[in-house]
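Here are a few notes to read alongside the model. Have a look at it first, then go through the points below.

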Amino acid sequence: MKGIVFTEFLEMVESSFGLEVVDQIIESSQLPSEGIYTSVGTYDFNEMVSLITKLSDTVKINANDLIYTFGLYLFKSLGKAHPEVIESYNSPIGLLYSIEDHIHVHVQKLYPDAELPTFKILEKTDTSISMVYSSSRGLYRLAHGLIEKCFQHFNSNATIKFELLKEDGTEVKFDIIQRNG
């Protein structure tokens, strides 16, 4: 997993829960990296699992809810790091429709060894999109947060429903309908 995900996660934890909690989850996780990450480095996904699990135990918030919250946070961070990607779209549906063919292509150029989820578009209209998220990591709640924040970025709202196609969350169908106001 790319280091930018780790650095942004720890920044979110610090801003939400304080530096003491960051130190506590790093120390209690016994990480091979010792919690030292660079944004361009690549780290074992299990380190993220450990950090999320320890954070959940520490702050008494469900891990999936923390992952969703991180998705909300990460959209803004990625937008600041790569504004040219988001600025090339004028609607949230357009951006979501282009994840595979534009956004992930851009990410792969920057981070050739990044393991990205896939998003298969099933159906799209001007105000709705249905797609299947697939990833061996099962971070569909992260995707959910990113999707929701995408709509907020465009000053819009959406009804976002998801259905686990595989119980472990490695394949999830999202049905998204854009709402006015």
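1. The side chain of His104 reaches the backbone oxygen of Pro117 at 3.3 Å. The His104 side chain also makes a polar contact with the side chain of Glu100, at 3.4 Å (a pair of N or O atoms within 3.5 Å; within protein, one must be able to donate a hydrogen and the other to accept it, and residues adjacent in sequence count only if both atoms are side-chain atoms).

2. A word on what you're looking at: this is a predicted model, where local features need pLDDT of at least 70, side-chain atom pairs count only at pLDDT 80 or more, and totals for chains, interfaces and linings use all residues. Residues are numbered from 1 along each chain as its sequence is written, and side-chain values use heavy atoms, leaving out hydrogens and water.

3. Is His104 buried or exposed? Its relative accessible area is 12%, so His104 is buried (under 20%; exposed is over 50%, partly exposed in between, with a 1.4 Å probe and protein chains only).

4. There are four salt bridges in the structure (a side-chain nitrogen of Lys or Arg within 4 Å of a carboxyl oxygen of Asp or Glu). One of them joins Glu115 and Arg137, at 3.5 Å from N to O. Glu115 sits in the loop between α7 and β1 and Arg137 in the loop between β2 and α8, so the pair ties together parts that are 22 residues apart in sequence (helices are DSSP runs of H or I, at least four residues, and strands runs of E, at least two, numbered from the N terminus). Glu115 is exposed at 56%, whereas Arg137 is buried at 18%.
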